[in-house]
Amino acid sequence: MTYPAPSDWPRPPACIPHDELDLPPNGARVAVAGLVLVRQRPGTAKGVIFITLEDETGISNVIVWRKMYERFRRAVIAGRALKVTGRVQRESGVTHIIAERIEDISAMLDDLIRPQKLRYSDGPDG
């Protein structure tokens, strides 16, 4: 299968589903979004943080370098759901997103549990 050049790949802000992360070429700029499953900051990683995100199609692995962590610290630490824009990196059969921008989209989760107001046509006389 031939892939388009990284510069030809559709660019953010639209998010790519996690099960399609094998489609963009290495180095392409993409955006992914999902629930934060894991944050890891191993002592041996020299300040690098690894985040695992999940959407309804699968998981994605995000690498946050120290400089990006300092810039987006609040989102990295507190976000229950994140949107990450960055570059696809493939090594040894593993795909990662190298974070360039991290947004906390946790407020969107709250909208899922808010009851919808009844519209007039939804009433009992409807």
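**Entry 1: terms and ground rules**

I begin with a definition: two strands pair if DSSP finds at least two bridges between them. I also note that helices (H or I, at least four residues) and strands (E, at least two) are DSSP runs, numbered from the N terminus. The model is predicted, and local features need pLDDT of at least 70, side-chain atom pairs count only at pLDDT 80 or more, while totals for chains, interfaces and linings use all residues. Residues are numbered from 1 along each chain as its sequence is written, and side-chain values use heavy atoms, with hydrogens and water left out.

**Entry 2: the chain as a whole**

I looked up the elements and found three helices and five strands in the protein chain, which run β-β-β-α-α-β-β-α from the N terminus on. For burial I used relative accessible area, where buried means under 20%, exposed over 50% and partly exposed in between (1.4 Å probe, protein chains only); of the 126 residues of the protein chain, 37% count as buried. The protein chain exposes about 8400 Å², and carbon and sulfur atoms supply 53% of that area, with accessible areas taken from the Shrake-Rupley method with a 1.4 Å probe, where for residues only the protein chains shown count as cover. Taking contact to mean heavy atoms within 4.5 Å, I noted that residues 24 or more positions apart account for 47% of the contacts with a separation of 6 or more.

**Entry 3: the barrel**

In what order do the five strands close into a barrel? I read the order as β1-β2-β3-β5-β4, with mixed pairing. The twist averages 55 degrees from one strand to the next; for such angles, axes are lines fitted to C-alpha atoms, for helices over the stretch in contact, and angles run from 0 to 180 degrees between N-to-C directions.

I then followed strand β5 (residues 94-104), which pairs with strand β3 (residues 58-64) in the parallel sense over three bridges, and here N61 stands opposite H96 in β5. With strand β4 (residues 81-91), strand β5 pairs in the antiparallel sense over 10 bridges, and E91 stands opposite V94 in β5. The hairpin of β4 and β5 has two residues between the strands, and in this hairpin S92 takes a positive phi near 50 degrees.

**Entry 4: two residues in strands**

Is V88 buried or exposed? V88, which lies in strand β4, counts as buried because its relative accessibility is 3%. Not counting residues up to four places away in sequence, V88 touches P24, P25, N26, G27, A28, V30, T95, H96 and I97. I also looked up V88 and A99, which are 11 residues apart along the chain and have their C-alpha atoms separated by 9.2 Å.

L35 lies in strand β1 and is partly exposed, with a relative accessible area of 38%. Leaving aside its neighbours within four places in sequence, L35 is in contact with T52, L53, E54, R80, A81 and L109. The C-alpha atoms of L35 and K83 are separated by 9.1 Å, although these residues are 48 residues apart along the chain.

**Entry 5: salt bridges**

In general, side chains of opposite charge can pair when their charged atoms come close. I counted a salt bridge where a side-chain nitrogen of Lys or Arg is within 4 Å of a carboxyl oxygen of Asp or Glu, and by this rule the count comes to three salt bridges.

R29 forms a salt bridge with E100, the closest N and O atoms being 2.8 Å apart. This pair links distant parts of the chain, since R29 is in strand β1 and E100 in strand β5, 71 residues apart. R87 also forms a salt bridge with E100, with the closest N and O atoms 3.1 Å apart; here R87 in strand β4 and E100 in strand β5 are 13 residues apart. Checking accessibility, I found R29 partly exposed at 22%, E100 partly exposed at 26% and R87 partly exposed at 32%.

R101 forms a salt bridge with E103, the closest N and O atoms being 3.4 Å apart.
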